[in-house]
Amino acid sequence: MKKSNISKIIKMFLSARFPSETEEKVQKWIIKDKNQQAKAKASLDFWNELDVEADSNTYASLERVNLRTGYNKEHLTNIVSYQKFARIAAVIIPLFLFAGGMFYYLSPQNEMIEVSVAYGEQKRLILPDSSEVWLNAGSTILYPETFAKDKRLVMLDGEAYFSIKKDTASPFIVEASQLSVKVLGTRFNVKAYPNDEKITTTLTSGKVEVSVQSQPPHILKPNEQLTYDKKSSDIHISMIDTNDTNCWMVGKLVFTNASVGEIFRTLERHYNTTIDNTATIPTSKRYTVKFLKDESLDEILNILKDIIGFDYQQYEKKIVITQP
């Protein structure tokens, strides 16, 4: 499993973003011997990011963890200072990462499955409940070999279109960066690349509940798109043509009110290339443009250079954008 995905799972776990039955499975995955160094580093990185002061309840919580796992303060000296470890003890009580594999749950293993798509590629896959997923270039999805009885949880890094099998007793949940989408049975698109400025959820049919950070959830109707701005934390819901949203599945590229950075990052993923932008292009400018199916990168760049105003040179897998 990629280190970035290990880090993502650990952070989601420590942030208490998993439902209880999924949390149990993640705990089992955490205490397995595989990738222990990466798991430990991800946990420490998360803890070091926190700005939480310890109090008497925090230290008492740590002591309860130590007693139940057979661990003591001396075992922590090579991991992190006891004081720093203790200040977030209340958060890591369910983790027991450093308990030498000691844990209370002994039910059958449920392996996590990871599917990644390289730049320049797309992939269709069938989930354990027979739901369908189409992954866009540069995307990764993580899901259990068998879904829980009352929830179907997957984790997405990138962009995917979902066609979910209806099951009223077991809602389907997509966890992405700073965003969670909950459905019963529907078709929708989630775009949540780590380096993109915005996260979008677009509903084709049915109904979804979108939760962003600690804000109240939003219910989307068909043909509605929720856009979350990572920098400003603003949320905007608009009516759109969902054919444009899902066009990437048939090889088309559509940009609506997109920045130069967003356009270039999409081209990098779609054409498996690197774009080095040395031109001075205002980041505040937005562009709306559509490209036909299977247009070449050179054809697209020639159109964009007239619209945006730049020159470029192509060197095998690298494009250099320059001033005109």
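His218 sits in strand E11, which spans residues 218-220. The model is predicted.

**His218 and its surroundings**
- Which residues does His218 touch, leaving aside those up to four places away in sequence? They are Val208, Glu209, Val210, Leu226, Ile235 and Ile237.
- His218 and Val181 are 37 residues apart in sequence. Their C-alpha atoms lie 9.5 Å apart in space.

**The chain as a whole**
- The secondary structure consists of 9 helices and 18 strands.
- Take the contacts in the chain with a separation of 6 or more: 53% of them join residues 24 or more positions apart.
- The accessible surface is about 16,300 Å². Carbon and sulfur atoms contribute 49% of that surface.

**Thr140 in strand E4**
- Thr140 belongs to strand E4, residues 140-144.
- Is Thr140 buried or exposed? Thr140 counts as buried because its relative accessibility is 8%, and the cut-off for buried is under 20%.
- The side chain of Thr140 makes a polar contact with the side chain of Ser116, at 2.9 Å.

- Strand E2 (residues 123-126) pairs with strand E3 (residues 132-135). The sense is antiparallel, over 4 bridges.
- Within this pairing, Leu125 has Val133 of E3 as its bridge partner.
- The hairpin of E2 and E3 has 5 residues between the strands. In that hairpin, Ser130 takes a positive phi near 75°.
- E3 is also joined to strand E5 (residues 152-163) by 4 bridges, and these two strands run antiparallel.
- Val133 stands opposite Phe162 in E5. Val133 is also the partner of Leu125.

**Helix H9**
- Helix H9 covers residues 297-309, 13 residues in total. From first C-alpha to last, H9 reaches 17 Å, close to the 18 Å expected at 1.5 Å a residue.
- Which residues of H9 are buried? They are Leu297, Ile300, Leu301, Leu304 and Ile308.
- These residues cover an arc of only 95° around the axis, so they lie on the same side of H9.
- An α-helix has 3.6 residues a turn, so residues three or four places apart point the same way.
- What covers the buried residues of H9? The cover includes helix H8 (260-271) and strands E14 (253-258), E16 (287-291), E17 (311-315) and E18 (318-322).

**Strand E18 and its partners**
- E18 is mostly covered, with 4 of its 5 residues buried. E18 is also part of what covers the buried residues of H9.
- Strand E15 (residues 274-277) is joined to E18 by 4 bridges, and the two run parallel. Here Thr274 has Lys318 of E18 as its bridge partner.
- E17 is joined to E18 by 5 bridges, and this pair runs antiparallel. Here Gln313 has Val320 of E18 as its bridge partner.
- The hairpin of E17 and E18 has 2 residues between the strands. Glu316 takes a positive phi near 50° in that hairpin.

Note on methods: Residues numbered from 1 in each chain as written. Predicted model: local features only at pLDDT ≥ 70, side-chain atom pairs only at ≥ 80, totals over all residues. Heavy atoms only, no water. Buried < 20%, exposed > 50% of the residue type's maximum accessible area, 1.4 Å probe, protein only. Polar contact = N/O pair within 3.5 Å; in protein donor to acceptor, adjacent residues only side chain to side chain. Expected span 1.5 Å × (residues − 1). Arc of directions from axis to C-beta. Contact = heavy atoms within 4.5 Å. Areas by Shrake-Rupley, 256 points an atom, 1.4 Å probe, with all protein chains shown as cover. Pairing = 2+ DSSP bridges.
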